[in-house]
Amino acid sequence: MKPVIILSTLALLVSAGCGPKKNVDFLKETEVQKDSRMEWWREARFGMFIHWGLYSVPAGEWNGSKNHAEWIRETAQIPLEEYDQFVSQFNPVKFNAMDWVRMAKDAGMKYIVITSKHHDGFALYNSRVSEFDIMATPFGRDALKELSTACKKEGITLCFYHSIMDWHHPDYLPRRSWEKTRTSEGADFNRYINYMKGQLKELLTRYGKLGVLWFDGEWENTWTEEYGKDLYQYVRSLQPDIIINNRVTTGRSGMAGLTESETFGGDFGTPEQEIPAMGLPGIDWESCMTMNDHWGYNKADKNFKSTREILHMLADIASKGGNYLLNIGPTSEGVFPQESIDRLREIGIWMKTNGESIYGTQASPFRSLSWGRCTQKNMTESTRLYLHVFDWPVDQKLMIPGLGSKPIRAYLLADASQEELTIVREGANIFLNLPASAPDAVNSVVVLDIQGKPEVYDAPTIGAPAAIFTDKTEVTISKNETLSDIHYTLDGSEPVMDSPKYTGPFSLAETTTVQAACFREGQPVSAAQTAVFTRVVAEPGRVLSQVKPGLLYNLYSGDWDTVPDFNGMTPKMTGIATDFTLANQSKDEKFAIDYQGFLNITEDGVYTFALSSDDGSLLYVGSSLAINHDGLHGATTREATLALGKGLHTLRISFFEKTGGNSLSLLWKKSGQEFVAIPTEAFYYYR
Ligand code: FHN
């Protein structure tokens, strides 16, 4: 039996030898110091996430349900003593750290973030402060020590994911809501923090120089920003150059993963399963994503992203200045799923030729490119643009819109001879003449060197509260530089220098096509932008007597992949709803709900609806299907804009949940206002 050391705070400080560095406030680091610390990470751009632990033993399946993974103790409500039995079953005899590290390296990944401890509390390494660790399994080897050795040999930076939330340690609070018999009597959260610091000290002093401490599980009400700042200082005191993500503290904005600028947010933001729509200049962030639909191994989950999708995401993320952390969930035998191995190999082939267009690059100088993405590198007297062409132009002419800079040369990155491509300027745009066939079927990179820093004139943005209006609307045209002037037309023709100069918002009372472009010194310097604003007649509302407040709902049980046809089906439950909480029962699975009634519009106008759901949903308003958000997906949103007259409009929301998390929400806004939940008093039904 290994002696388990219970560390008091004092003992903790003494046992750390030198103990945390005294009187160093790492929160007061200068920008120059942070830039130096972040340099390798900003250069790397691409890393491997690994979720591995006891949960790989059940492999996602429990009592007939097959959609679990690393959360299985929670989602299947497995009592502690039952879950602990996985310790005696965890024996990854095929584990080979060097195989894993070489697959990451050959895929072009520069760092590995592996779960030293996930929410279940199991330590994937030899911990002296816990018996709930890998040394208690038949495997009996320190996997992280072997990984550390392999990473050092292969020049891959080793990083640890460590969960603040711990479903196993007696001092962690809160307990799981369903753990009715597992008392929290005597639990001491501060003692848990010392325990967690004890494990972090082991990880930070016995596995060599680490790149990142990737915290997670920071969202429960026992964790605070002060605890987070203290933990940040503690970790940095043991490895001053280590990088720590924003989940060390409590400011993260959900899965969007970024922290409001005024609050402490660690060293980088952590969007999860998503990519910020636009680049975030000056902000370090990393999108972490699964390769299929689960972080931990799920043997039934064959929904793997294609290599094409992954490579496009890699280019998209890099073009926005972010890092891509792509996840692998190894099996209980200690091997990567074959689907993951295949994709890593294909990614590596692309990276071997094109890695230069990802590593150490900065965000694109263009707001958007119709044919792909752009990354850039500052050179001494010039800038190197990497044009990631997803859609090879049929006419072999690649248009770079609004680039005012003087081009120097262009060539295919895959062409070792760097044979120059001809460059032609046509007004605001530059065209590169390309060969007939693309060097890569997924993403062909064209290098364009330009003089100095990029001078880009994005097409102006033409905006109004909505694309439709019932009476009149106000149009605003904007741009993101101050060097040019905007000229526009209202008849759909291409604007020229003599077209009206934009001086401020203007009103429209009829359907109009607005075109606008930027001009400088008498010449067009940006592509033209077009927007159509349509005058419509609001769908009239009805006046009905005997309606009552709320929506009728029918709840059905079943296993679907899309919203079912409810005709002829017998509901399991019916009732009146004033909101959608019935669809937000995170532990329920395989059900559908059909809400029907009326929406009361008190004022003629243009309304935009935002329907969010996990899984699929349909929104009918009045006579039309307003939003089709059907299918299996995470909690995502779709919008629709409608012109509705005063009165009652038929309303129907049909929703289904297969397995995993589920949610449903319906927000609306009037033109020019913010989205809000539809007030319950706006719902009526008729029986
Ligand atoms: O709950 C975890 C989840 O299991 C997984 O580790 C992801 C990866 O970033 N993080 C949390 C969910 O946001």
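This is a predicted model: local features need pLDDT of at least 70, side-chain atom pairs count only at pLDDT 80 or more; totals for chains, interfaces and linings use all residues.
1. Ligand surroundings. The ligand is surrounded by 15 residues, and the closest of them are His51, Glu70, Trp71, His119 and Asp216. By residue class, this shell comprises 8 nonpolar, 3 polar and 4 charged members.

2. For His51, a polar side-chain atom is found 2.7 Å from an oxygen atom of the ligand. For Glu70, the corresponding distance from a polar side-chain atom to a ligand oxygen is 2.6 Å. The side chain of His119 likewise places an N or O atom 2.7 Å from an oxygen atom of the ligand. Of the 330 Å² that the ligand exposes when taken alone, the protein buries 95%.

3. The three-stranded sheet. An open, antiparallel sheet is built from 3 strands in the order β10-β13-β12. Its edges are β10 (397-400) and β12 (423-426); each has a single partner strand, so one side of each lacks a neighbour in the sheet. From one strand to the next, the twist averages 25°. The antiparallel pairing of β10 with β13 (residues 429-433) extends over 4 bridges. Within this pairing, Met399 has Phe431 of β13 as its bridge partner.

4. The four-stranded sheet. A further open sheet has 4 strands, ordered β30-β27-β32-β33, and its pairing is antiparallel. Here β30 (636-644) and β33 (676-677) are the edge strands, and each has a single partner, so one side of each is without a neighbour in the sheet. Strand β27 (residues 605-614) is joined to β30 by 9 bridges, and the two strands run antiparallel. Tyr607 is positioned opposite Leu642 of β30.

5. Salt bridges. Side chains of opposite charge can pair when their charged atoms come close. In this model the count of salt bridges is 40. One of interest is formed by the side chains of Lys299 and Glu61, with an N to O distance of 3.5 Å. Lys299 belongs to the loop between β6 (286-289) and α9 (307-319), and Glu61 to the loop between β1 (46-50) and α3 (72-75), so the pair ties together parts that are 238 residues apart in sequence.

6. Cis peptide bonds. Which residues does the cis peptide bond with omega near 5° connect? This bond runs from Leu173 to Pro174, and Pro174 is placed in the loop between β3 (157-163) and α7 (189-206). A cis peptide bond also joins Asp614 and Asp615, with omega about 15°. Asp615 is located in the loop between β27 and β28 (617-621). For context, most peptide bonds are trans, and most residues other than glycine have a negative phi.

7. Ala59 is not a glycine, yet its phi is positive, at about 55°. This residue, Ala59, sits in the loop between β1 and α3.

Definitions and conventions:
Residues are numbered from 1 along each chain as its sequence is written. Side-chain values use heavy atoms; hydrogens and water are left out. A residue is near a molecule or strand if one of its heavy atoms lies within 4 Å of it. A polar contact is a pair of N or O atoms within 3.5 Å; within protein, one must be able to donate a hydrogen and the other to accept it, and residues adjacent in sequence count only if both atoms are side-chain atoms. Accessible areas come from the Shrake-Rupley method with a 1.4 Å probe; for residues, only the protein chains shown count as cover. Ala, Val, Leu, Ile, Met, Phe, Trp, Tyr, Cys and Pro count as nonpolar, Asp, Glu, Lys and Arg as charged, and the others, Gly among them, as polar. Two strands pair if DSSP finds at least two bridges between them. Axes are lines fitted to C-alpha atoms, for helices over the stretch in contact, and angles run from 0 to 180 degrees between N-to-C directions. A salt bridge is a side-chain nitrogen of Lys or Arg within 4 Å of a carboxyl oxygen of Asp or Glu.
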